[in-house]
Amino acid sequence: MYLITMFEDMGKIFVKYWDLFLIKGVTATILLSLMTVFFGTVIGALLALVKISKIKPLKWLVNAIVEIIRGTPMLLQLYISTFLIPVIIPAMNELENKKILCISFTLILNSAAYVSEIIRSGIEAVDKGQTEAARSLGLNGTTTMIQVVLPQAVKNILPALGNEFITVIKETSLASTFYVGELMTQYHVIVGKTHNSLPILMIIGIIYFVLNFVLSKLLGVFERRMKAHA
Amino acid sequence: MLDVKNIYKNFGDLKVLEGVSTQIAEGEVVAIIGASGSGKSTLLRCMNLLETPTFGEVWMDGKLLTPVDPYLHPEVIMASKTYKKLSAAGMSSEDAVAKIKAEDLINEKFSAAEGKEYRAEMKKIYDENHIDINLARQNMGMVFQQFNLFNNKSVLENVTLAPMKTRAKQMIKEGKSKKEVKEYFNGKAMALLNRIGLEDKANAYPSTLSGGQKQRIAIVRALAMEPKVMLFDEPTSALDPEMVGEVLDVMKGLAKEGMTMICVTHEMGFAREVADRVLFMHEGVIAESGTPDEIFNNPKHPKLQQFLGCVL
Ligand SMILES: Nc1ncnc2c1ncn2[C@@H]1O[C@H](COP(=O)(O)OP(=O)(O)O)[C@@H](O)[C@H]1O
Ligand SMILES: [Mg+2]
């Protein structure tokens, strides 16, 4: 009968703290994710351009950074950056939001590493014949990229970018270790008041699930539309 | 018009072209035939530098498209350290040049190893003769086996993209408005589409077209740049048999108008009827060349006889 008690507790806790869950937590999670994906995409696109460019040393550097990011745990990266960044940039210590800045930076860089791979493979999946046809007409590399390759690559990239968004939403929970106010942080806040972990965790689980489920359904619709127009 | 000088092409260890030279005159129609894998496509792609030749040079209208090949310029060889060493050892000038060429002794063609003088000589020839590859390509259309129409653009946009991107700026500088320029290129594109009877497809996308339609549009897309020479790489090989004719008809029309054409083809009937000259490629060299009559009615090279026996 523990289950029934737990459901009752879930109800009570949700009614009492719904604003912490839904308003503070969800908003912070979505904002953090949106920001991460947005800047992650912008930086990831730049990294991808370096990867497909012919500038060897820069390429090597970017590949090394991306491999390190992809090969180490996110939580570790978050810890390291909260210590390391203030050491590198002492001015950070004066800032009130130093923690959230360090964490945002790490989330963005991490996302950028994955996005750069998504974009690179999306570009390379475009048929070489498209580039050859454009170049054979006398168009330069940049025009070919902008007019012919990228518009087709976007169709490969957008669905994968949607999945990256879902991954990021889940990964922002790691930032709760540093109490940045997103959904998972609310667990620590509320458990401090109720001393009853499981119902809170269940509620948060449900919220994450609903968020991602809705998002992935939306992406599915979007993807089908895009295919219909191709 | 087009001068192909001693082209070699290696892909890693694979030697695909081993010394191909030919000159294509203005208005000439040249057919390239040969077994699959003999290097026909590679030769064609070396002409517009979709592949960079390992050795050799390509010239169009007196302009150099490729990097300088030192072996084609005795004065470059004579400026090299390797030549000076051989001379110092008492070798005659002619022998030294011949030895260097034959044994590929100038290995590091573009490095400092051969000395300042050598590099200065290379640079001089390059600066005096080379033309930007994008400019050169604007004068050489290419038609691919797989059509390669731009999937993300309508038929009309496929045809107008390159002229717009390469020529609109100049026209606007000369005082035309953006709208006038666009209408001008659209008008020209429609006239070209009209010529192949596909003006009603102007707003269609490539994925909705048949292979024959795609290939005719690909030809027209290349023509929109008003090229001096057209390169065709097996333009009918990916087509259903009933569509081959419509594409060949467009090509015949072009030949009749005096277009300079180089066609890699398996259509022996077309080569016989339209070509002024036929090149037979075998294992990376032009094994035999001649008029269609010579090639088809009196083939000499045993491999050509064997090849014709298979395809005719
Ligand atoms: N980009 C490439 N990389 C490696 N090998 C290639 C490449 N392009 C062509 N080849 C090889 O070169 C040879 C000649 O090819 P190709 O010129 O396409 O012949 P053809 O057009 O006469 O059939 C083939 O063995 C082919 O596999
Ligand atoms: Mg071929």
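Predicted model: local features only at pLDDT ≥ 70, side-chain atom pairs only at ≥ 80, totals over all residues.
1. Start with the overall make-up of chain A. The C-alpha trace of chain A spans about 75 × 50 × 25 Å along its principal axes.

2. Have a look at helix H6 of chain A, residues 141-171. With 31 residues, a straight helix would span 45 Å at 1.5 Å a residue, yet H6(A) spans only 37 Å between its end C-alpha atoms. Where does H6(A) kink? Go to Val149(A): a kink of about 45 degrees lies there, shortly before the proline Pro151(A).

3. While you're on H6(A), check how the helix starts. A side-chain oxygen of Asn140(A) comes to within 3.2 Å of the backbone nitrogen of Thr142(A).

4. Now for the place where the two chains meet. On the chain B side 23 residues are in contact, and on the chain A side 18. About 1700 Å² of area is buried between chain B and chain A, and carbon and sulfur atoms give 55% of that.

5. Which side chains form the salt bridge between the chains? Glu132(A) and Arg45(B) do, at 2.7 Å from N to O. The count between chain B and chain A is one salt bridge. Polar contacts between the two chains come to ten residue pairs, with both residues at pLDDT 80 or more.

6. Which elements of chain B give two or more residues to the side that touches chain A? They are helix H6 (133-137), strand S6 (140-143), helix H7 (155-173) and helix H9 (211-223) of chain B. H7(B) gives the most, with four residues. Sorted by class, this side of chain B has ten nonpolar, eight polar and five charged residues.

7. Finally, a salt bridge inside chain B. Side chains of opposite charge can pair when their charged atoms come close. Lys123(B) and Asp127(B) form a salt bridge, with their closest N and O atoms 2.7 Å apart. Why are these two residues separated by about one helical turn? Because they sit four residues apart in helix H5 (residues 116-129) of chain B. Over all chains, the count comes to 18 salt bridges.

Terms used:
Residues numbered from 1 in each chain as written. Chains lettered and ligands numbered in written order. Heavy atoms only, no water. Expected span 1.5 Å × (residues − 1). Bend = angle between axes of the 7 residues up to and from the residue. Polar contact = N/O pair within 3.5 Å; in protein donor to acceptor, adjacent residues only side chain to side chain. Contact = heavy atoms within 4.5 Å. Buried area = accessible area lost by both parts, 1.4 Å probe. Salt bridge = Lys/Arg side-chain N within 4 Å of Asp/Glu carboxyl O. Nonpolar A, V, L, I, M, F, W, Y, C, P; charged D, E, K, R; others polar.
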